Amino acid sequence: MNSRSSALPYIQVSPLALVLILFFTIPVALVLVVSFFRYQMLVGIVPDFTFKNYADILTNQTNWLLYWSTLKFAVIVLAITGFIGFWVSYFLVFHIRNLVTAIALFLVCTVPFWTSNIIRMISWRPVLGREGLVNQALVGSGLTDQPVEWLLYSDFAVVVAYVHLFTLFMIVPIFNSMARIDKSLLEAAMDAGASRWGVIWNVVLPLSKTGIALGTLFVVTLVMGDFSVVTVMSGGLSGSAASAIFNDLQFLNYPRAAANAVILLIVVLLIASAIFRLVDVRKELVR
Amino acid sequence: MKKSAKTIGTGRVSRRSILKGGAAVAGTTLVTGFPTVWAQNLKDITLNHTGMSYSTLPDIARQASKDLGFKVEMSVVDHPGLINRMINDPKSIDVADMEIWQTKIAVPQGVLQGVEIGKVKNWDQLTPLYTTGVFNGKEVSREGDAPIEYIYLDAVDAKAFASSQTEFATFVPGVYNADTLGIRPDLVGRDITSWADLISPDFKGKAAIQNIPTNGIMDAMMALEGAGEMTYGDKGNPTQDEIQQTIARLIELKRGGHWRALWNTFDESVNLMAGGEVVIQSMWSPAVTAVQTQNVPCVYQPLKEGYRGWGNGLAMLAHLDGLKRDAAYEYMTWYNSGWVGGFIAKQGYYSSNPATAKAALSENERGFFYEGKAATADITSPTGQKTNSAGDVRDGGSYEDRFANVAVWNNLMDEAEFLYSKWNEFSAA
């Protein structure tokens with residue numbers, strides 16, 4: 001009897017554990033193993049144990065540039081989506097008094113997600129292109145003589161697409177943590193003489209930090225792992241850390257691609273652990 | 001699609017009448033007599049044809065299944081994907097529609113079996129571009145991977161190429177073309193005559209190059225050599241130094257804002273051109289057709305330095321035997337017996353059996369695609385949309401003019417690995 005009850009929790013977690021082992025642990029382990037294999041020109045992988053792939057990546061300036069550019073995108077996109085996400089959530093939670101309206105508006109935020117990522121991304125092209133809507137408006141209204149070129153196939157276009165694609169991932173967790181804030185806390189702060197900004201800064205912001213942390217985690221991992229948005233929106237002129245992996249796969253260089261994936265995984269894990277160090281998400285979630 | 005099938009059907013009728021009139025030459029093994037393998041269980045056979053999107057067309061499989069009495073299915077992969085599949089999962093493919101340079105990897109790996117030339121009934125009608133390396137009385141360029149250098153094998157299971165004509169072929173010649181730059185004649189504002197125009201400051205911010213290293217480097221080398229900035233010992237096999245200098249110049253152009261974009265896929269090149277983002281760029285022939293079907297003027301501009309040629313071949317995988325191998329021979333013979341040639345001519349490609357392809361086209365289409373004549377009526381794409389009007393002349397003149405003028409062939413260079421790492425620098429710069 002006693003032994004059965006001690007086995008019960010293990011049985012209870014086993015389905016999830018199995019799924020994780022099958023679809024996460026084993027693939028990652030395989031990637032790790034292959035990252036030490038040798039590459040033979042256009043043939044693929046040859047079992048071996050070599051650090052050459054890692055050495056190649058770390059000593060190649062191109063990779064450092066790609067990581068730098070990816071981090072740059074991550075920070076810019078994080079700042080913009082964080083700003084938008086915070087204020088949209090703030091508005092929905094504290095300014096819409098009717099819960100039904102708030103939920104309806106929240107659902108409106110998800111409308112763009114009813115179409116695929118690729119369509120939402122590509123649809124920026126006819127808007128931002130040389131003969132696109134924005135340029136037609138600018139030239140037509142006489143604001144500029146020449147179409148503005150940097151709107152499309154540029155870092156600007158990449159950031160626009162990222163923000164469009166990923167802002168919701170910021171809104172949802174922030175909305176969630178703000179909705180848990182007891183409104184009487186805000187009233188108490190006001191009664192104690194806090195200004196509107198003081199309330200936001202000293203009450204709302206600290207109490208939303210779980211949401212901000214989770215949103216940050218989503219946005220950063222999505223940007224760090226992306227290669228299609230950056231390729232499509234920059235017209236192939238910019239790359240990302242993941243596009244280096246993609247390039248290697250083009251030539252069947254699985255070992256180096258795997259090594260790069262391991263490095264990217266480590267970088268993202270470091271960022272994630274930094275975020276969790278700042279905010280104890282687990283503690284906050286059970287609050 | 002239905003509509004196009006009908007047009008092609010009527011085209012066939014007219015071909016018959018042409019045949020009767022004796023206008024067609026060398027049409028002896030035309031579609032008649034298929035299939036010649038009379039086995040009751042032939043109909044149970046499914047033959048898998050795997051290749052790249054531009055030539056692995058479902059319409060071909062549909063027609064082949066109809067004409068041959070067994071099932072042909074198409075699997076589309078990208079260039080590295082094909083090699084990947086052949087090496088790691090060869091049994092999933094029966095007939096590989098390979099680019100010539102890809103055989104340089106497949107043959108040493110032993111994944112193919114030699115094609116017995118005697119079993120390909122129309123072999124002697126196939127273009128000498130592939131079979132003898134002499135075209136129009138002139139030796140075909142050997143810069144890059146010319147078909148003649150890779151088509152023959154010493155034995156059915158050879159792991160190296162033969163240096164002379166033998167009884168075994170690496171592949172049965174497939175579709176091929178001579179590539180050049182695509183331009184928007186309405187927007188370039190001047191005559192385009194040289195590959196050098198790709199890097200001309202006149203088109204700063206309005207040019208694009210393909211982001212496929214093996215092809216992109218060739219376009220770049222043609223341009224740099226055309227502009228007199230570089231000279232190459234052999235553009236088909238550049239040295240590390242030459243690659244390094246070429247990429248350095250590409251990066252310089254990129255930083256100077258010369259490239260509007262680098263395109264990775266066929267449809268990207270179509271959108272760039274149709275949307276007016278670029279006015280001159282690397283392009284593939286079907287992309288030019290696709291732009292034209294949108295009623296946007298686009299020309300596949302012949303250039304004085306010549307063309308970048310490429311070719312495909314149908315190769316048999318090593319595992320094929322018995323009835324299935326017989327079916328593969330039937331299919332590969334059928335492939336060069338007319339219908340395919342007529343179909344792919346409309347996307348700008350050429351058949352390895354030009355006589356039967358011409359017979360499968362209407363007189364108007366034949367004049368336009370093969371003979372360098374002005375169209376006498378509308379010209380349509382394979383899917384039946386209009387691409388050219390009466391009076392238009394195809395860029396580059398006749399079939400003979402075009403292929404006598406191939407300067408360099410698509411290839412897998414010795415320094416390919418070096419090229420890939422350098423090209424990554426260009427992408428990331």
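This is a predicted model: local features need pLDDT of at least 70, side-chain atom pairs count only at pLDDT 80 or more; totals for chains, interfaces and linings use all residues.
**View 1. Overall build of chain B.** Chain B holds 17 helices and 19 strands. Its radius of gyration is 21 Å, close to the 22 Å that the globule rule gives for 429 residues, so chain B is as compact as a globular protein of that length. Along the principal axes, the C-alpha atoms of chain B occupy a box of roughly 65 × 50 × 40 Å. Buried residues make up 52% of the 429 in chain B. Among contacts in chain B with a separation of 6 or more, 71% link residues 24 or more positions apart.

**View 2. The two domains of chain B.** Domain 1 of chain B covers 2–176 + 310–369, and domain 2 covers 181–305 + 398–428. Where the domains of chain B touch, 21 residues of domain 1 are in contact with 20 residues of domain 2. The domain 1 side of this contact in chain B has ten nonpolar, six polar and five charged residues.

View 3. Strand β10(B) spans residues 172–179. Eight of its eight residues are buried, so β10(B) is largely enclosed by the rest of the structure. A residue counts as buried here if 20 or more other C-beta atoms lie within 10 Å of its own. Strand β16(B), residues 307–317, pairs with β10(B) in the antiparallel sense. Six bridges connect the two strands. In this pairing, A178(B) of the pair stands opposite G309(B) in β16(B).

**View 4. A three-stranded open sheet in chain B.** The strand order is β5-β9-β8 (chain B), and the pairing is antiparallel. β5 (115–116) and β8 (152–153) of chain B stand at the edges. Each edge strand has a single partner strand, so one side of each is left without a neighbour in the sheet. Strand β9(B), residues 168–169, runs antiparallel to β5(B), and two bridges join them. A169(B) in β9(B) is the bridge partner of V115(B). Strands of a sheet pair through backbone hydrogen bonds, either parallel or antiparallel.

**View 5. The contact between chains A and B.** Chain B brings 26 residues to the contact, and chain A brings 22 residues. On the chain B side, the elements that give two or more residues are α3 (79–88), α4 (103–109), β13 (259–263) and α17 (416–428) of chain B. Helix α17(B) supplies the largest share of that side, with seven residues. By class, the chain B side comprises eleven nonpolar, ten polar and five charged residues.

**View 6. The annotated region of chain A.** The unreviewed UniProt entry lists "domain: ABC transmembrane type-1" for residues 67–275 of chain A. Over residues 67–275, chain A is 76% helix and 0% strand. The end C-alpha atoms of this stretch of chain A are 19 Å apart.

**View 7. W87 of chain A.** W87(A) sits in helix α3 of chain A, residues 61–95. Is the setting of W87(A) buried, exposed or partly exposed? With 13 C-beta neighbours inside 10 Å, W87(A) counts as partly exposed. W87(A) and F175(A) are 88 residues apart in sequence. In space, the C-alpha atoms of W87(A) and F175(A) are 9.6 Å apart.

Terms used: Residues are numbered from 1 along each chain as its sequence is written. Chains are lettered from A and ligands numbered from 1 in the order in which they are written. UniProt positions are given in the numbering used here, feature names are shortened, and annotations may be inferred rather than shown by experiment. Helices (H or I, at least four residues) and strands (E, at least two) are DSSP runs, numbered from the N terminus. The radius of gyration is taken over C-alpha atoms; the globule rule is 2.2 Å times the number of residues to the power 0.38. A residue is buried if 20 or more other C-beta atoms lie within 10 Å of its own, exposed if 12 or fewer, and partly exposed in between; C-beta atoms are placed from the backbone. Two residues are in contact if their C-beta atoms, placed from the backbone, lie within 7 Å. Two strands pair if DSSP finds at least two bridges between them. Ala, Val, Leu, Ile, Met, Phe, Trp, Tyr, Cys and Pro count as nonpolar, Asp, Glu, Lys and Arg as charged, and the others, Gly among them, as polar. Domain bounds come from an automatic or database domain assignment.
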